[in-house]
Amino acid sequence: MMSKVPPTYFFEAEAGAAFETDGVQIGYRVKKKLYEGMSAYQSVRVFDLVFFGRALFLDSILQTAEKDEFVYHEMLCQSPLFCHKNPERVLIIGGGDGGSLREVVKHKEVREVWMVEIDKDVMDVSRKYLPALSQGAFQDPRARVLVEDAARFIKRHKSFFDVIILDVSDPEGPAAKLVSPGFYKNVREALREKGVVCAQSGSFTTQSVLVRRIQKRLREQFAFVEVRRACVPSYHAGVYSFTMASRAPLSLAGSRSFQEQKAASMGLRYWSPAIHKISSVLPAYLEGMLEDCL
Ligand code: SAM
């Protein structure tokens, strides 16, 4: 008896201007559609995918999936947090699914974590259909969640944050201005002297133009910029990049044993001091891609 093959939904994912993969169509076999709606900013969908579990799609682009979101959120959040001696005040820009918030509240030295997300629907839908991402982090007493355009919010805060995490969708729609030189200048000014910023900077494989643009613009603002790589299988985007920047040299804070004990106590599944070290080693073809961004 032929097994009933679940329907495949092909998303015109990666088809926006920020991608170089017009010839690529990405399909995910779907068990069930859990939510579909239009917010004031974008289409919002949650599917239960056969292989990747529950996943959030915004304007047809997969944002995060239960099966491998920990890779993305740990790389994006733990990299900068472990490079700051005392990250008391943290800002997450975007991150409406709550995965970054979950990673930040694991640090007990964090006193305040601000999250500025433009689309309330994304948070509401994620809390209802993707609770495994935030794991109650929205209720953490240190969390201050604001529904606002981050491009506006960031201008109002000077020398205020120790770590800023840019967990925003690709530069289309509401996120289009979050890769402008002016935005990165405001991010630098919002950081305290030894502050660290980490941005999801797109895929080396399907978004090399974006990766280079973010590199260049962060180098215009910061003396120290490092890019790290990881594979996030559900993105179907090859080598994914995370770019960190600071006015001070970027290095893990504290002794190696301290870092290892701290990471182990958090039950991290991807990030570790060792991964941190090797993830900044790029193969020659990727180094070459970034050469003229220096
Ligand atoms: N992991 C995803 C990726 O790599 O693209 C990002 C996930 S997170 C859901 C992206 C969030 O950025 C979305 O919820 C979106 O609403 C938010 N966002 C986009 N533009 C924004 C803006 N101008 N201000 C604040 N949040 C914004």
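This report describes the ligand site and several individual residues of a predicted model.

Residues carry numbers from 1 along each chain as its sequence is written, and side-chain values rest on heavy atoms, with hydrogens and water left out. Because the model is predicted, local features need pLDDT of at least 70 and side-chain atom pairs count only at pLDDT 80 or more, while totals for chains, interfaces and linings use all residues.

**Ligand site**

The ligand has 25 residues around it, and Gln42, Gln63, Glu117, Ala150 and Tyr235 come nearest; a residue belongs to this set if one of its heavy atoms lies within 4 Å of the molecule. Backbone atoms of the protein also approach nitrogen atoms of the ligand, as tabulated below. The distances fall under the definition of a polar contact, a pair of N or O atoms within 3.5 Å; within protein, one must be able to donate a hydrogen and the other to accept it, and residues adjacent in sequence count only if both atoms are side-chain atoms.

| Residue | Protein atom | Distance to a ligand nitrogen atom |
|---|---|---|
| Isoleucine 118 | backbone N or O | 3.2 Å |
| Alanine 150 | backbone N or O | 2.9 Å |
| Alanine 175 | polar backbone atom | 3.3 Å |

On its own the ligand has 600 Å² of accessible area, of which the protein covers 99%; such areas come from the Shrake-Rupley method with a 1.4 Å probe, and for residues only the protein chains shown count as cover. The ligand sits in the largest cavity. A cavity is a set of points, on a 1 Å grid over the protein atoms alone, where a 1.4 Å probe fits but cannot get out, and a molecule sits in it if more than half of its atoms lie within 2 Å of its grid points.

**Buried residues in strands and helices**

Helices (H or I, at least four residues) and strands (E, at least two) are DSSP runs numbered from the N terminus. Relative accessible area is classed as buried under 20%, exposed over 50% and partly exposed in between, using a 1.4 Å probe and protein chains only.

Serine 246 belongs to strand β12, residues 239-246, and is buried because its relative accessibility is 2%. Its side chain comes to 3.1 Å from the backbone nitrogen of alanine 248. Beyond four places in sequence, serine 246 is in contact (heavy atoms within 4.5 Å) with residues including Lys194, Val196 and Phe224.

Leucine 166, in strand β9 (residues 161-167), has a relative accessible area of 4% and is therefore buried. The C-alpha atom of leucine 166 is 16 Å from that of arginine 229, 63 residues apart along the chain.

Glutamine 215 lies in helix α7, residues 208-221; at 1% relative accessible area, glutamine 215 is buried.

Lysine 120 is in helix α3 (residues 120-129) and counts as partly exposed, at 47% relative accessibility. Its side chain makes a polar contact of 2.6 Å with the side chain of aspartate 124. Lysine 120 and valine 147, 27 residues apart in sequence, have C-alpha atoms 6.2 Å apart.

Serine 60, in the loop between β4 (53-58) and β5 (61-65), has a positive phi of about 70 degrees although it is not a glycine. Serine 159, also not a glycine, has a positive phi of about 45 degrees and lies in the loop between α5 (150-153) and β9.

Terms used: 1 Å grid on protein atoms, 1.4 Å probe; cavity = no way out; pocket = protein on both sides within 12 Å on 5 of 7 lines; lining within 4 Å.
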